[in-house]
Amino acid sequence: MLVHLGLLIFPVHVICGHVPQHRGVAPELRSRYTPSSSSPPTWQCLDDTHVIPWAAVNDDYCDCPDGSDEPGTSACPEASFYCINEGHIGSRIPSSRVDDGLCEPECCDGSDEPSGVCPNICKEVGKAYAQKMEAERKLRKKGAKIRSTYIAFAQKEKKRLEDSIALLEKEVPVQEKEVEQLKNVMDRSESLSATSLEVKKQSPLYQSLLVHHNALKSLRKAHLKHLEKEKQLEDILDALKGGYNPNYQDMAVLEAVRGWEALSGDKNEESAESTDSPELEEGEWTEDQLKYQLEGVINEDHVALLLGHDSYINKESTSMLWDLSLYLPESLTPQYNWLCNAVVEWLRTFGVIRGPGVTTNTDGTSQARAAYNEAESKFNAAKDNLRDEQDELAELFDPQGFGIQGEWKKLQGLCLSKDTGEYTYEVCLFGAATQKSGAHHNLGSFSSWSTDPNIEPGEPRYYEIQHYTGGAQCWNGPQRSVTLHLSCGTENQILTIEEPEKCEYHLTATTPALCLPLEAVGNTREEL
C-alpha cells in the first residue's frame, strides 16, 4: 500500500533509480538517442541548441528547449511519450500523462507507468482491433465496388453529354440559319401583304364600312348628348313639380306641370295604359341592344372584316399551283406560298390577271409567321439545351460539385429518410431537406460541402460533410439548417438525428460514395 502511495508521490527515478534513456523514444528516433564517445559521454538536443550530459537524458529535469531530453518522463510539458504497444499499434501521448498513476488506453502495454501498475493488454486489444479492421476492410471493399459503379455511371454521363453536345453544336447553327431564312420569307410576305391590304382598303365595300362606322359614331355621340339633356330637363321638371303652388293662377306653369305628370306616368289613369314596346321591323335593335351592344359594333375591327370577307370570297378558288403544295415538304411550304403570292401580286400589278389569285396574302403571311415562330422556338430550345448540357458536363467532375471522379453524380436527387416517431426527416442529396409531421417544414437546400478552411476540395475529408441552409424560419429563432455527416457504408441511409441547437439539425449517414479503394486508404498509424 505504501509502495503504491510512493509511486504516486515521488518521481520514478527517485524510487527505482535512473529511467532508461530510450524510454518513450519513437522507433524512428532511436538512432538519435546515442551518446557521444567522449568521456563523460554527452548528447545533443534534437533541435541542436544544447549539448548536455548523456546522464541528463530522462533524468526528470527539462534541459532542452524542445523537451527532447525527457521523452520518458513528465518533466517537459511540450514533449510526447511513445508507447511501443508490441502486438498492437504504437501511439503517442502527451508527456504530462506519463507516471500519473492512470492507465492510458493509448498505451495498452502499460509502458507509460512504472512496471506492475498497468497490465499489458496489447494482445487482447490487438486481436479486437484486427477483427475490427478486417470488418472495416470487408465493408470498404464491398462499398468500393458499389462506388466504382457510381464512377462508371459518371463516365457514361460524360459520354452521353459529350455526344449530345457534339450533335447540338451541329444542329444549332443549321437551325439558326433556317430561322434567318424563314424570317426573311416572313418579312417579305408581310411587306407584300401590307401593300395588298392598302389596295383592298380602297374597295367600295371597305369605304362604305368606314362611312357607316363614322356615321354610327356620330349618331351615338348625338344620342348620348340628347340623353344628357333629357336628364337635365327631367330634373328641372321634377323640381318644378315638387315646388309649384297649385293655387297659383299662372296657367303656363300649371299646364307644364300637368304635361310632365302625364309624360312621366304619375297619373293613375296613365299608369293603367299599356306599356308594351312598339313592334320592331326585322333586323331592328331593341333598346337594350342599343344600350349594351352598340359599343361592340362601333369598335369592330374593319380590317379583320375585310380580310375575312376576302377569304370567304376566295375560299372556293383553286389552281394547279396551290395543289402542288400538297407534294412539297412542310419545311418548304412557307417559301412556296410566299412565291405563289408574290407571282400573283406581280401579275395583278401589271394588269395581266384580275380576281382573287392563288391565296390571300393574309393566309401566306400567317403561314410564314407560324413557320418562323415554330423554327425560332425550336432554335431557342436547342440553344438552351446546349447551354444546360455544357454546364452539366462542367459540373460533373468539379471537385466542389460531384467530385473529381464524378462519384456523387449518381446520388443527385436520391432521397434518404428516417422516421423518429414524432417526425420523419428526409434529405434529397444535392436538393432539399425536410421535416414531416402532417405539415412539411423546409430545413434548407444544399449549399456546400465542408467549409473547413483547412480542408481542400477534392480531399476525401471534404466530402464527409454536406451543408443544407436557408430553411424555413424558426419561431423566435434562426432559419432551419442541416449538417449531414457522411461516412463509408454499403447503403445510402440516415443513421442518427440530433438537434444540438434550436433548429440546427445534425444528421449522420452512410454512403458507398465515401468507400475509397483499399489501396487508396493510407494507414497513418504504425503497426508493430
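View 1. Within helix α3, D163 and K159 are 4 residues apart, which is about one turn of the helix; helices (H or I, at least four residues) and strands (E, at least two) are DSSP runs, numbered from the N terminus. The model shown is a predicted one, in which local features need pLDDT of at least 70 and side-chain atom pairs count only at pLDDT 80 or more, while totals for chains, interfaces and linings use all residues. Residues are numbered from 1 along each chain as its sequence is written, and side-chain values use heavy atoms, with hydrogens and water left out. The side chains of D163 and K159 form a salt bridge with an N to O distance of 2.7 Å, where a salt bridge is a side-chain nitrogen of Lys or Arg within 4 Å of a carboxyl oxygen of Asp or Glu. Side chains of opposite charge can pair when their charged atoms come close. D163 is partly exposed because its relative accessible area is 40%, and K159 counts as partly exposed at 48%; buried means under 20% relative accessible area, exposed over 50%, and partly exposed in between (1.4 Å probe, protein chains only).

**View 2. Further salt bridges.** By the salt-bridge rule, the count comes to 17. One of them pairs the side chains of D99 and R23, at 3.2 Å from N to O. This pair links distant parts of the chain, since D99 lies in the loop between β4 and α3 and R23 in the loop between α2 (12–16) and β1 (42–44), 76 residues apart. D99 is partly exposed, with a relative accessible area of 22%, whereas R23 counts as buried at 16%. Another salt bridge is formed by E106 and R97, whose closest N and O atoms are 3.0 Å apart; E106 is partly exposed at 31% relative accessible area, and R97 is partly exposed at 25%. Salt bridges also link E157, R160, E389, E392 and K409 in a network.

**View 3. The surroundings of S68.** S68 is found in the loop between β2 (51–53) and β3 (80–83), and S68 counts as buried because its relative accessibility is 7%. The side chain of S68 reaches the backbone nitrogen of L46 at 3.1 Å, which can be judged against the cut-off for a polar contact: a pair of N or O atoms within 3.5 Å, where within protein one must be able to donate a hydrogen and the other to accept it, and residues adjacent in sequence count only if both atoms are side-chain atoms. When residues up to four places away in sequence are not counted, S68 touches Y33, W43, C45 and L46, contact meaning heavy atoms within 4.5 Å.

**View 4. An open sheet of 8 strands.** The strands of this open sheet follow the order β5-β6-β7-β8-β9-β10-β12-β11, with mixed pairing; two strands pair if DSSP finds at least two bridges between them. The edge strands are β5 (415–419) and β11 (493–501), each of which pairs on one side only. Strand β6 (residues 424–428) and strand β7 (residues 432–437) run antiparallel and are joined by 4 bridges, and V427 has A433 as its bridge partner in β7.

**View 5. A disulfide between C83 and C107.** The structure holds 8 disulfides, a disulfide being a pair of cysteine sulfur atoms within 2.5 Å. In one of these, C83 and C107 have their sulfur atoms 1.5 Å apart. C83 lies in strand β3 and C107 in the loop between β4 (91–94) and α3 (122–200), so the pair ties together parts that are 24 residues apart in sequence. C83 counts as buried at 0% relative accessibility, and C107 is buried with a relative accessible area of 4%.

View 6. C474 lies in the loop between β9 (465–470) and β10 (481–488) and C503 in the loop between β11 and β12 (504–511), so the pair ties together parts that are 29 residues apart in sequence. A disulfide also joins C488 to C515, S to S 2.0 Å, and here the torsion is about 100 degrees, so the disulfide is right-handed. C488 in strand β10 and C515 in the segment after β12 are 27 residues apart, and the pair links distant parts of the chain.
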